[in-house]
Amino acid sequence: MAGVSDSQLKKMTQEERVKALGMATEQLSGRSLFIEFNADEEDRFTYPWAPEVDFNKRIEINADNMASTALNEKMRELMTEGYGSIVIKNPRGKHSLGVGILNRLNLIFEGSLGYFAVGLIDGPNVRIKGRVGWSCAENMMSGTVVIEKNAGSTFGAALRGGDLVCGGSVGSRTGIDMKGGTIIVGGDAGALTGFMMQRGRVIICGNAGKNLGDSMYDGTIYVGGEIRSLGVDAVPGEFTDLEHSWLSRKLRQFELLPEKGVDHFTKIIAGKQLWNYDNLEPTEKKLIL
Amino acid sequence: MAGTRYKGSELKDVDQFLEDSAGLESDREHEIGQHIGYRYDVNLLPDYDRLTPFLNEYMEVMGWDDLNWLEDVHMGYEDGHAAVFDRNINGWVRVPDTIELPENEQDRHMIARELLIKFQMSDRNPLTVLRKAYGKF
């Protein structure tokens with residue numbers, strides 16, 4: 001890797017880059033990488049490749065006649081020019097807008113979005129002044145996403161981190177397979193919310209539909225209203241003082257704290273009867289078969 | 001048998017996996033030779049009274065009112081050493097022995113968050129090299 005400049009790398013093909021960076025010759029050994037922190041690491045808050053942006057540098061784009069791809073490319077271009085606040089007017093329900101943003105940014109959509117809005121993001125603060133379709137913020141890594149109206153199904157599917165907030169109600173399978181982060185729903189949530197969730201938190205201020213937390217492995221669901229039914233292996237849990245203050249803080253932050261506070265919330269956790277960390281199982285199966 | 005009740009043992013002490021790296025307790029763990037489940041409480045929420053100045057500054061730079069994704073970052077343990085899981089490289093990054101670990105669990109998690117940010121944002125992170133080799137944008 002040493003001795004190869006970024007400008008030299010840019011001129012190479014992908015295959016040449018891989019060889020120049022020593023990745024083709026790397027020998028993998030052991031069960032995991034062995035890396036140790038460097039205690040004297042430089043204090044940085046953004047990725048080395050992330051463009052420097054200024055939240056006070058603001059621009060508005062009219063998306064009326066732009067395709068999703070062109071609009072996403074335009075946003076990336078604006079970030080390299082240092083724009084830290086981008087307002088998209090007339091998004092008109094287009095799909096896959098604002099995906100793959102790996103940078104700090106204030107992004108505002110003045111209207112509704114279609115499917116897969118702001119998926120795969122890592123860092124931005126997004127506000128959507130409208131509704132969203134299926135799979136909003138799928139695989140989100142970090143940042144905040146606030147939707148002012150309702151959201152479709154699989155809201156926050158496979159969420160990894162960050163805060164995903166819907167001021168209205170959400171469809172079914174919200175937080176399916178989530179592995180971290182917090183989903184907050186101001187209204188009601190559909191059936192199978194928290195289905196197969198492995199980690200993270202779902203907060204529902206209204207009612208929850210059928211089979212809440214079905215097959216959840218871990219994580220926590222807080223419900224302010226009524227629960228239609230619990231899913232397989234989802235069981236009530238007990239609040240701690242820390243959770244109580246965290247929940248109040250989080251809801252206040254997004255202006256969703258009910259007037260009566262959070263004392264009436266129910267906590268749902270995994271019963272852990274579905275846990276399967278049994279590495280003898282394949283051997284046992286062979287013996288039986 | 002899969003899907004039954006091999007939940008493993010409960011976590012008891014903040015130093016449990018530093019003093020006993022294998023951490024085998026239940027009959028089933030002894031039988032299979034490995035600890036079942038996480039080596040820390042994955043559902044433990046951060047205590048915001050224990051934020052460090054570095055983390056406060058990070059939140060300010062990112063424009064967040066809380067720890068955001070770092071709420072899911074905790075100090076873990078690997079082979080008897082404190083370590084933090086870096087989701088970007090899908091591996092554990094060890095905490096050097098020169099760093100003294102505080103007794104308080106929440107303070108340990110704050111250190112883990114600080115170290116992870118510094119590592120993820122550095123040129124040493126393997127993701128930086130991967131991005132150079134394969135990044136499309």
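Modeller: Two strands pair if DSSP finds at least two bridges between them. Strands themselves (E, at least two residues) and helices (H or I, at least four) are DSSP runs, numbered from the N terminus. This is a predicted model, in which local features need pLDDT of at least 70 and side-chain atom pairs count only at pLDDT 80 or more, while totals for chains, interfaces and linings use all residues. Residues are numbered from 1 along each chain as its sequence is written, with chains lettered from A and ligands numbered from 1 in the order in which they are written.

Biologist: Which residue takes a positive phi in the hairpin of strand 2 and strand 3 of chain B?

Modeller: Strands of a sheet pair through backbone hydrogen bonds, either parallel or antiparallel. Here, strand 2 (residues 81-86) of chain B runs antiparallel to strand 3 of chain B, and four bridges join them. One pair of bridge partners is A83(B) and R94(B), the latter in strand 3. Four residues lie between the two strands of this hairpin, and N90(B) takes a positive phi near 55°.

Biologist: How many residues are between the strands in the hairpin of strand 1 and strand 2 of chain B?

Modeller: That hairpin has two residues between its strands, and D79(B) has a positive phi near 50°. Strand 1 (residues 76-78) of chain B pairs with strand 2 of chain B over three bridges, in the antiparallel sense. E78(B) faces H81(B) of strand 2 across this pairing.

Biologist: What order do the strands of the open sheet in chain A have?

Modeller: The order of its 11 strands is 2-3-4-5-6-7-8-9-10-12-11, and the pairing is mixed. At the edges are strand 2 (54-62) and strand 11 (234-237) of chain A, each of which pairs on one side only. For a parallel case within chain A, consider strand 7 (residues 163-166) and strand 8, joined by four bridges. There, C166(A) stands opposite V185(A) in strand 8.

Biologist: How many residues of chain A are in contact with chain B?

Modeller: Two residues are in contact if their C-beta atoms, placed from the backbone, lie within 7 Å. By that criterion, 58 residues of chain A meet 49 residues of chain B. Among the elements of chain A that give two or more residues to this side are helix 2 (14-20), strand 1 (35-36) and helix 4 (241-253). Helix 4 of chain A supplies the largest share, four residues.

Biologist: Which strand of chain B is joined to strand 1 of chain A?

Modeller: The partner is strand 3 (residues 91-94) of chain B, which runs parallel to strand 1 of chain A and is joined to it by two bridges. In this pairing I35(A) stands opposite V93(B).
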